[in-house]
Amino acid sequence: MSARPFLVLALLPFLSGTCEAPGHSDRAGSPATRAALFDLVSAWTLIREARSPAKEAALAVNVEHDMGRLRDTVIGAQTEEDLFYALSRVSNVRRDGHLQVRPVPGGLRPAVPPGAPDANPRFAPLEIHPDFSNWPNPAFFVASAHDSLGIKPGTSVLSVFDDSVGAYVNRVTPFIAHSTRENLMWRIAELMTLQSSTIPPQLQAAELHLNLAGHSVQVPYSLAEQPLRREDPARHYPGALTELSRASFDLMTRDSLVILKWRGFGDKFPEDLQYLMEFAGDEDLLDHTVVLDVTESTGGRGSVELLRRLTGREFIATWSTLRVSDVRPRHLSAELSEWLEVSYGGASIGEIVGPVPFKLRHAGADSLLTVTPSPERFRGGLVVISGSRAGSQVDQLVAMVADNGLGRVVGMPTGGFSNSWEWHETLLWPGTSDPVVEYGWSIGHTLRPDGSILEGNPAQPDVYLAYTAQNHKTYLQQALELALQPLPEQD
């Protein structure tokens with residue numbers, strides 16, 4: 001018989017808050033309280049987490065086993081900083097791009113990076129991107145840099161802080177939330193130029209040390225983020241003309257194409273979508289083919305509404321499930337909705353309920369979720385340029401296009417970190433009201449239209465194009481050319 005039920009039963013006093021924990025003299029606690037804290041987090045994870053078998057297989061994850069291997073690391077933490085990063089490692093064994101341990105007032109304080117006055121992020125004046133030319137071997141290059149550094153864009157990174165690229169990736173991966181290896185590479189690339197409390201101070205230095213192809217550099221950090229110049233997106237598409245820029249997108253035209261550089265699904269999305277359709281109607285663009293570039297888009301909500309304007313075909317949207325757990329009463333009060341009421345009704349702890357249309361945003365609980373196109377829509381073809389930097393709502397958008405055959409997807413798979421529900425709370429030292437950190441769980445799945453769990457399992461492009469140091473300046477142009485070519489005949 002599995003030891004799991006016995007672990008949960010043994011921790012019931014802590015789960016209910018009725019047990020007095022051994023006293024602890026400082027923020028790092030004592031070995032006994034750290035052991036109790038670890039066992040509490042482990043028990044909650046086993047009953048709360050909605051796990052993705054496809055992701056765990058792809059990333060060789062065994063959550064229960066991998067957490068257990070870190071028990072001694074948590075118990076042996078000597079300082080609050082040691083404990084903070086030990087808990088970060090425990091959280092990240094799940095390989096979930098949405099979940100990250102965060103400090104809370106009165107709780108554990110992460111370490112201040114070397115040479116920094118405080119824990120505020122500091123930035124180096126260059127941008128590093130992953131190179132997928134020899135994937136799955138990790139590689140990186142300098143995509144852009146301040147002129148004073150004298151670094152040519154496209155220059156390969158050979159080592160970071162005296163670690164080879166492979167060694168550096170292995171050292172920082174346990175501290176970085178991610179759901180696919182491709183998305184992990186983008187997050188590591190960003191981390192290289194960022195001095196922050198995300199990773200332990202021993203993995204950083206007062207200046208960024210890089211060994212590049214041809215020379216080495218030491219790059220100072222600045223407290224202010226280096227602003228990225230918002231260049232005309234049309235430069236990536238020769239012959240295109242930028243016609244409109246909004247918070248959610250840039251719109252370009254070229255011959256019979258409308259090229260949308262999609263930037264996000266934030267608060268401005270509803271009014272931007274309305275403005276897009278009005279502009280396209282006024283300018284006689286609705287019969288054009290739409291090229292939707294989501295490679296740098298942020299998440300949010302609204303992908304179904306966007307697709308209703310980009311296709312004339314009915315389509316199946318994304319679904320969601322929920323794992324019922326001990327957070328049910330608080331979840332209902334914090335996120336009260338018809339979906340939660342429907343899902344939780346009569347369900348037992350540990351049960352996966354659903355699927356229903358994603359959070360009931362687009363249809364009722366009994367709907368088959370066939371979405372009807374909007375009367376006001378583009379009437380030409382649809383092409384999506386996809387990339388591994390973006391995810392969440394972008395994961396859903398690309399999956400809906402791919403699984404429903406709404407258009408052609410070109411590029412690389414998305415980041416694969418969409419889920420339906422998360423639960424975050426402040427961990428307390430068991431039996432006390434003393435805070436430790438904010439900790440989170442993914443308690444529901446996003447299901448693709450094909451019925452598979454999306455997290456760690458993003459839709460694959462119809463035409464794969466690796467992003468590399470050699471093609472980074474012309475990548476979008478190449479993707480567009482591939483998108484407009486006839487697909488090869490299938491055997």
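# Chatting through the predicted model

Q: Leu-37: buried or exposed?
A: Leu-37 is buried, with a relative accessible area of 0%. Buried here means under 20% relative accessible area, exposed over 50% and partly exposed in between, using a 1.4 Å probe and protein chains only.

Q: What kind of model is this?
A: It's a predicted one: local features need pLDDT of at least 70, side-chain atom pairs count only at pLDDT 80 or more, and totals for chains, interfaces and linings use all residues. Residues are numbered from 1 along each chain as its sequence is written, and side-chain values use heavy atoms, with hydrogens and water left out.

Q: OK, back to Leu-37. Where is Leu-37 found?
A: Leu-37 is in helix H3, residues 31–48. Helices (H or I, at least four residues) and strands (E, at least two) are DSSP runs, numbered from the N terminus.

Q: And what does Leu-37 touch?
A: Not counting residues up to four places away in sequence, Leu-37 touches Leu-87, Leu-427, Leu-428, Trp-429, Pro-430 and Val-436. Contact means heavy atoms within 4.5 Å.

Q: How far apart are Leu-37 and Ile-75?
A: They're 38 residues apart in sequence and 9.0 Å apart in space, C-alpha to C-alpha.

Q: Switching to the nonpolar cores. How many residues has the largest one?
A: The largest has 98 residues, and those with the most contacts inside it are Leu-126, Phe-140 and Ile-188. There's also a second, separate core of 43 residues, which includes Phe-265, Phe-269, Leu-276 and Met-277. A core is a set of buried Ala, Val, Leu, Ile, Met, Phe, Trp, Tyr and Cys residues joined through side-chain atoms within 4.5 Å.

Q: What is Phe-140 in contact with?
A: Leaving aside neighbours within four places in sequence, the partners of Phe-140 include Ile-128, Pro-130, Val-157, Val-165, Ile-188 and Met-192. His-129, Asp-131 and Ser-156 are also among them.

Q: What about Glu-455, buried or exposed?
A: Glu-455 is buried at 3% relative accessible area. Glu-455 sits in the loop between strand E21 (446–447) and strand E22 (463–464).

Q: Which residues does Glu-455 touch?
A: Beyond four places in sequence, Glu-455 touches Ser-52, Lys-55, Arg-95, Asp-96, Ser-179, Gly-416, Phe-417 and Ser-418.

Q: What is phi for Asp-162?
A: Asp-162 has a positive phi of about 70°, although it is not a glycine. Most residues other than glycine have a negative phi, and most peptide bonds are trans.

Q: Where does Asp-162 lie, and is Asp-162 buried or exposed?
A: Asp-162 is in the loop between strand E4 (156–160) and strand E5 (163–164). At 75% relative accessibility, Asp-162 counts as exposed.

Q: How about Ser-392, buried or exposed?
A: Ser-392 counts as buried, at 17% relative accessibility. Phi of Ser-392 is near 60°, positive in a residue other than glycine. Ser-392 lies in the loop between strand E17 (382–386) and helix H14 (393–404).
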